[in-house]
Amino acid sequence: MNEQNGETNAVTGVGSRVKVTVPGGSGGGAYAGVVIEDYANMVIDSESVGRDWAPVHRWAIALDDGRLIFADDDDLTAAD
């Protein structure tokens, strides 16, 4: 479920293969992986904690290259 409307993105769920878009820098690009955890219940509004750094991301994704990253719905698309 997502925090805005209580519905799950049809592309995304634990066990789904996804492509993650990582912004800028030397690590930027699109990477394939598998969603391993959904932290929807832990996502909080940055304003409620009084900071805008270190935001909580909804999805934990194990990338095919062995890295673990965290992302939001807008960062994910279905893998080919």
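Which residues is Ala-71 in contact with, leaving aside its neighbours within four places in sequence? They are Val-20, His-57, Arg-58, Trp-59, Ile-61 and Leu-76. The model is predicted. Its 5 strands form an open sheet with antiparallel pairing, and its largest nonpolar core has 9 residues.

**The sheet**
- The strand order is 4-3-2-1-5.
- Strand 4 and strand 5 (76–78) are the edge strands, and each pairs on one side only.
- On average, neighbouring strands of this sheet are turned by 45° against each other, direction ignored.

**Strand 1 and its partners**
- Strand 1 is joined to strand 2 (residues 29–38) by 6 bridges, and the two run antiparallel.
- Val-18 has Gly-33 in strand 2 as its bridge partner.
- Strand 1 is also joined to strand 5, here by 3 bridges, and this pair runs antiparallel.
- Val-20 stands opposite Leu-76 in strand 5.

- In soluble globular proteins, nonpolar side chains tend to be buried together.
- The largest nonpolar core here consists of Val-18, Val-20, Val-35, Trp-59, Ile-61, Leu-63, Ile-69, Ala-71 and Leu-76.
- At least two residues of this core come from each of strand 1 (17–22), strand 3 (59–63) and strand 4 (68–71).
- Strand 3 supplies the largest share, 3 residues.

**Back to Ala-71**
- Ala-71 belongs to this core.

Methods: Residues numbered from 1 in each chain as written. Predicted model: local features only at pLDDT ≥ 70, side-chain atom pairs only at ≥ 80, totals over all residues. Heavy atoms only, no water. Core = buried A, V, L, I, M, F, W, Y, C linked by side-chain atoms within 4.5 Å. Buried < 20%, exposed > 50% of the residue type's maximum accessible area, 1.4 Å probe, protein only. Helix = DSSP H or I, 4+ residues; strand = E, 2+ residues; numbered from the N terminus. Contact = heavy atoms within 4.5 Å. Pairing = 2+ DSSP bridges. Axes fitted to C-alpha atoms, helices over the stretch in contact; angles between N-to-C directions.
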